[in-house]
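The sequence and the model are shown first.

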Amino acid sequence: MQAELSSQVVLITGASAGIGAATARELARAGCRLALVARRKERLEELALELKTRHNTDAFIHAADLEDPEQVRAMVESAARHFGRLDVLINNAGLLRMAPLLAMPLDDMEHLMDTNFWAVVHAIRAAAPLMTRQGGGHIINVASAVSRRGLPYMAVYAATKWALAGLTEGARIELAAENIRFTTVYPGSIDTEMPRNLDRSRLPANYPNHARSRVPAERVAQAIARAVREKPVEVYVPWWLRCVSWACAICPGFVDRAVRRHYKTQSPT
Ligand SMILES: NC(=O)c1ccc[n+]([C@@H]2O[C@H](COP(=O)([O-])OP(=O)(O)OC[C@H]3O[C@@H](n4cnc5c(N)ncnc54)[C@H](OP(=O)(O)O)[C@@H]3O)[C@@H](O)[C@H]2O)c1
């Protein structure tokens, strides 16, 4: 069943940049009421002003560091208090750090897990009881193509996104009885600050850049807006990544060889 977007209350994490900001613009155009969350408050203020001017959007901004579980809970509570309800939670905020597995500092690994996985666990645990009381809701988790296929130098990032995909699949079945729907979004390589500002100092000099094949953030935002309407189980952007994920499940050894060739890593002797 399709949900009417107009006047739905949607909380978007990571709204200060990239996919989150593009999603806010897309949903504002459709008439949603928005709660925008990130650490950089001035970016959120600029975006809220833009949305008010262009679409007369009622946007509520909340600055929070989602690595802190208390701040995650406060984010959900303050948005729900402001609007009196919460229809859709989009867990989009994310962090990418890349380095050889054996060289990556443990601290970096913990930041990755805290932002990409634990923040989502805490957000779901804060939002789900509230959605249950209001008769249902929709939670959209932005994972990654590497949720289906780990890649060299991003093994830990991939692990956080595999964890997120597993969390979403389990929660979807568990919370169906409460009428809480879940969607996993699997973006490929997207043109945002995340790849643009990536610290490549620990990567081999010949590590591929992929700059020319990156998809605009607006494509993901449009897919997320469609997901808010249609509540699908999974969304791949671009669409053909679904086929790649099948290939990864069916012939992982073949995909290993292709990945090794692409990333020019050494074959086992
Ligand atoms: N770009 C890609 O190629 C790609 C591919 C697959 C999946 N994804 C996923 O898509 C999502 C959005 O990524 P993007 O490409 O749009 O990245 P981005 O442009 O770097 O934006 C990341 C957003 O997350 C927020 N954020 C990060 N850490 C946070 C924290 N501790 N607390 C609160 N907010 C935090 C940032 O806001 P502040 O810095 O202001 O806090 C920013 O708004 C992420 O989950 C990412 O893993 C991206």
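Histidine 210 counts as exposed, because 12 C-beta neighbours lie inside 10 Å and the cut-off for exposed is 12 or fewer. The model is a predicted one. Histidine 210 sits in the loop that runs between helix H6 (193-196) and strand E8 (215-216). Its phi is near 60 degrees, a positive value in a residue other than glycine.

Tyrosine 153 also has a positive phi, of about 70 degrees, although it is not a glycine. This tyrosine belongs to the loop between strand E5 (137-142) and helix H5 (155-174). Tyrosine 153 is buried, because 21 other C-beta atoms lie within 10 Å of its own and the threshold for burial is 20 or more.

A further backbone feature is the cis peptide bond between valine 237 and proline 238, with omega about -5 degrees. Proline 238 is placed in the loop between strand E9 (234-237) and helix H8 (241-250). Most residues other than glycine have a negative phi, and most peptide bonds are trans.

The next residue considered is in a helix. Glutamate 45 is part of helix H2 (residues 41-55). With 15 other C-beta atoms within 10 Å, glutamate 45 is partly exposed, because that count falls between the limits of 12 and 20. From glutamate 45 to leucine 112 the separation is 67 residues in sequence and 26 Å in space, C-alpha to C-alpha.

The table lists the C-beta counts.

| Residue | Other C-beta atoms within 10 Å | Class |
|---|---|---|
| Tyrosine 153 | 21 atoms | buried |
| Glutamate 45 | 15 atoms | partly exposed |

Strand E1 (residues 9-13) is largely enclosed by the rest of the structure, because 5 of its 5 residues are buried. In a regular strand the side chains alternate between the two faces of the sheet. In E1, Val9, Leu11 and Thr13 point one way, while Val10 and Ile12 point the other way, and all are buried.

Which strands pair with E1? One is strand E2 (residues 33-38), paired with E1 in the parallel sense over 5 bridges. Within this pairing, threonine 13 has valine 37 of E2 as its bridge partner. Another is strand E4 (residues 88-91), also parallel to E1, with 3 bridges. There, isoleucine 12 stands opposite isoleucine 90 of E4.

E1 and E2 also belong, together with helix H1 (residues 18-29), to a right-handed β-α-β unit.

Note on methods: Residues numbered from 1 in each chain as written. Predicted model: local features only at pLDDT ≥ 70, side-chain atom pairs only at ≥ 80, totals over all residues. Helix = DSSP H or I, 4+ residues; strand = E, 2+ residues; numbered from the N terminus. Pairing = 2+ DSSP bridges. Right-handed = clockwise from strand over helix to strand, strands pointing away.
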